[in-house]
Amino acid sequence: MKHITAGLKHTAQAVAAAMMAVMFLTFVLQIFIRYSARLDWLPDYLPFLEPTRFGWTLELCLVLWLWLVFWGNAFVVRESDHVRFDILYSRVSPQTRRLFVIVFGLCIAIGLAVSIEPTWAKFYILRLKKTATLSSLFGDWIRMRDLYVVYMLFLGAVSARYFWIVWQAFRHGVPEPSDPDGERQSE
């Protein structure tokens, strides 16, 4: 099971890294086209560098950024990497910490899980809308719902993660909080 989990984790990281690389290369292309657009003679000799053909680069960078945020938070960022305000959490007893994790974890998990269906219902209209410029790159088949479907993955994955955290806290308790240097605090 650990090999499967590690493989999925590395795959998720590789997908995020690939999105980051494509976004970076697209950004570099934007800069090149922006500065080469001042050279009036360039499109005459290299017609594929016509600046009007590269409007899609901005929309692609925006879509990749959206995907990176939701994909990364759903599959790459660990729970311990999130910013927390744990002043109260770190000062209470282990039983109270366990109660905090169970109650608030259930609130988050149920809230996200319950929002999946209404969100998908709102996405229904997006199946009709085309992208502004990405159709010139990918063709006419891509719709706005396809671009925002990562949010549905995010809702499902984070909801499942918090249900798992609650289950683990219910069965095994919660670990002791750590100080910023990584050492365990004493009671």
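Trainee: At roughly what angle do the axes of helix α5 and helix α8 cross?
Mentor: Welcome! This is a predicted model, in which local features need pLDDT of at least 70 and side-chain atom pairs count only at pLDDT 80 or more, while totals for chains, interfaces and linings use all residues. Residues are numbered from 1 along each chain as its sequence is written, and side-chain values use heavy atoms, with hydrogens and water left out. Helices are DSSP runs of H or I with at least four residues, numbered from the N terminus, and axes are lines fitted to C-alpha atoms over the stretch in contact, with angles from 0 to 180 degrees between N-to-C directions. The axes of α5 (residues 94-123) and α8 (residues 150-172) come within 8 Å, and they cross at roughly 160°.

Trainee: Is α5 roughly parallel or roughly antiparallel to α8?
Mentor: Angles under 35 degrees count as roughly parallel, over 145 as roughly antiparallel, 65 to 115 as roughly perpendicular and the rest as oblique. The crossing of these two helices is at roughly 160°. That is why α5 is, relative to α8, roughly antiparallel.

Trainee: How many nonpolar residues are in the contact of α5 with α8?
Mentor: Here Ala, Val, Leu, Ile, Met, Phe, Trp, Tyr, Cys and Pro count as nonpolar, Asp, Glu, Lys and Arg as charged, and the others, Gly among them, as polar. The contact of α5 with α8 has five polar and two charged residues, and its nonpolar residues number 21.

Trainee: In which hand does α3 pass α8?
Mentor: α3 and α8 pack with their axes 8 Å apart, at an angle of about 15°, and are therefore roughly parallel. A crossing is left-handed if the near helix is turned anticlockwise from the far one by less than a right angle, and right-handed if clockwise. For α3 passing α8, the crossing is left-handed.

Trainee: And at roughly what angle do the axes of α1 and helix α3 cross?
Mentor: α1 passes α3 in a left-handed crossing. The axes of α1 and α3 (residues 56-76) come within 9 Å, and their crossing angle is roughly 160°.

Trainee: Let us turn to the rings. How many aromatic pairs are there?
Mentor: Rings of Phe, Tyr and Trp (its six-membered ring) pair if their centres lie within 6.5 Å; planes under 30 degrees apart count as stacked, over 60 as edge-to-face and the rest as tilted. By this rule, the number of aromatic pairs is nine.

Trainee: Is Phe123 buried or exposed?
Mentor: Buried means under 20% relative accessible area, exposed over 50%, and partly exposed in between, with a 1.4 Å probe and protein chains only. Phe123 has a relative accessibility of 11%, so Phe123 counts as buried.

Trainee: Is the pair of Tyr151 and Phe154 stacked or edge-to-face?
Mentor: Both residues lie in α8, three residues apart, about one turn of the helix. Tyr151 is partly exposed at 27%, whereas Phe154 is buried at 16%. The ring centres of Tyr151 and Phe154 are 5.9 Å apart and the planes are at 25°, so the pair is stacked.

Trainee: Is Pro177 buried or exposed?
Mentor: Pro177 is found in the segment after α8. The C-alpha atoms of Pro177 and Asp86 are separated by 8.9 Å, although the two are 91 residues apart along the chain. With a relative accessibility of 9%, Pro177 counts as buried.
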